[in-house]
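Let's look at this one together, one question at a time. Have the sequence and the 3D view ready.

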Amino acid sequence: MKKLRYWLIGLLLIIGSLGVIPAASAATMPAYGNYKLTWNIESIYYYIDQSAPGYSGTIAAAANNWVYTGLGYNKLYPNTRTYNKTNSAVDFYAAFYGNYAFTAMTETYKRVNGNAVSVGWVEVPNRTGTGVPAENYLFAEIHINNDIFDGYTDFNQRQGIIAHEFGHAWGLGHNPENPNSIMYNWDSRNVYTIQQVDQDAFNALYP
């Protein structure tokens, strides 16, 4: 009887430990480093180039979701469109890059002697492929690949892709362990809106 009791306790412990694994994964935050957008995060405007006007509704929805996450306070307000590029912290472009390229990508820039210079990305230790900005930057460009992006017909999926790129514009890296994060970097992402782990990472960068 005693052996059976120990066996049952052991089984319950194993089941319990298995139950902890998804919870731990769900709590994994996007990668982020020490660097971020130097623009006033409480006064963000984005610009849509003439190559990408057809995406304005999707971009607006993603931008709005980053402001109104429903997950508590963050400093990102407003995050709305400007028609004056010099007032923009994030610029959107679109082109046909081919079916074997990216769906959308973000690049960050600083200015050196009046010229835009790419800041690039660095690897975050122990998290492969989760590059974050290599230094502080002034603005970001988000490039949409028409060839692949237009294949997503569901509005929520399209919004999720743009929201993901906005996350990079703020300085967040990928979250390859957590498909329940907007910064998860595979098509098997389960969410299309900002999650608590994403908001927490943003607030860590912009306290």
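**Salt bridges and a helix pair**

Q: How many salt bridges does a search of the whole structure find?
A: This is a predicted model, and side-chain atom pairs count only at pLDDT 80 or more. With the whole structure searched, the number of salt bridges found is two.

Q: Which residue forms a salt bridge with E135, and where does that partner lie?
A: E135 sits in the loop between β7 (127-133) and β8 (139-145), and its partner is 25 residues away in sequence, so the pair ties together separate parts. The closest N and O atoms are 3.0 Å apart.

Q: Is R127 buried or exposed?
A: R127 meets E177 in a salt bridge, 2.6 Å from N to O. The two are 50 residues apart, with R127 in strand β7 and E177 in the loop between α4 and α5 (196-205). E177 counts as partly exposed at 36% relative accessibility. For R127 the relative accessible area is 16%, and buried means under 20%, so R127 is buried.

Q: What is the handedness of the crossing where α2 passes α4?
A: The contact includes I59 and W66 of α2 and F155 and W170 of α4. By class it has ten nonpolar, five polar and one charged residues. As α2 passes α4, the crossing is right-handed.

Note on methods. Residues are numbered from 1 along each chain as its sequence is written. This is a predicted model: local features need pLDDT of at least 70, side-chain atom pairs count only at pLDDT 80 or more; totals for chains, interfaces and linings use all residues. Side-chain values use heavy atoms; hydrogens and water are left out. A crossing is left-handed if the near helix is turned anticlockwise from the far one by less than a right angle, and right-handed if clockwise. Helices (H or I, at least four residues) and strands (E, at least two) are DSSP runs, numbered from the N terminus. Contact means heavy atoms within 4.5 Å. Ala, Val, Leu, Ile, Met, Phe, Trp, Tyr, Cys and Pro count as nonpolar, Asp, Glu, Lys and Arg as charged, and the others, Gly among them, as polar. A salt bridge is a side-chain nitrogen of Lys or Arg within 4 Å of a carboxyl oxygen of Asp or Glu. Buried means under 20% relative accessible area, exposed over 50%, partly exposed in between (1.4 Å probe, protein chains only).
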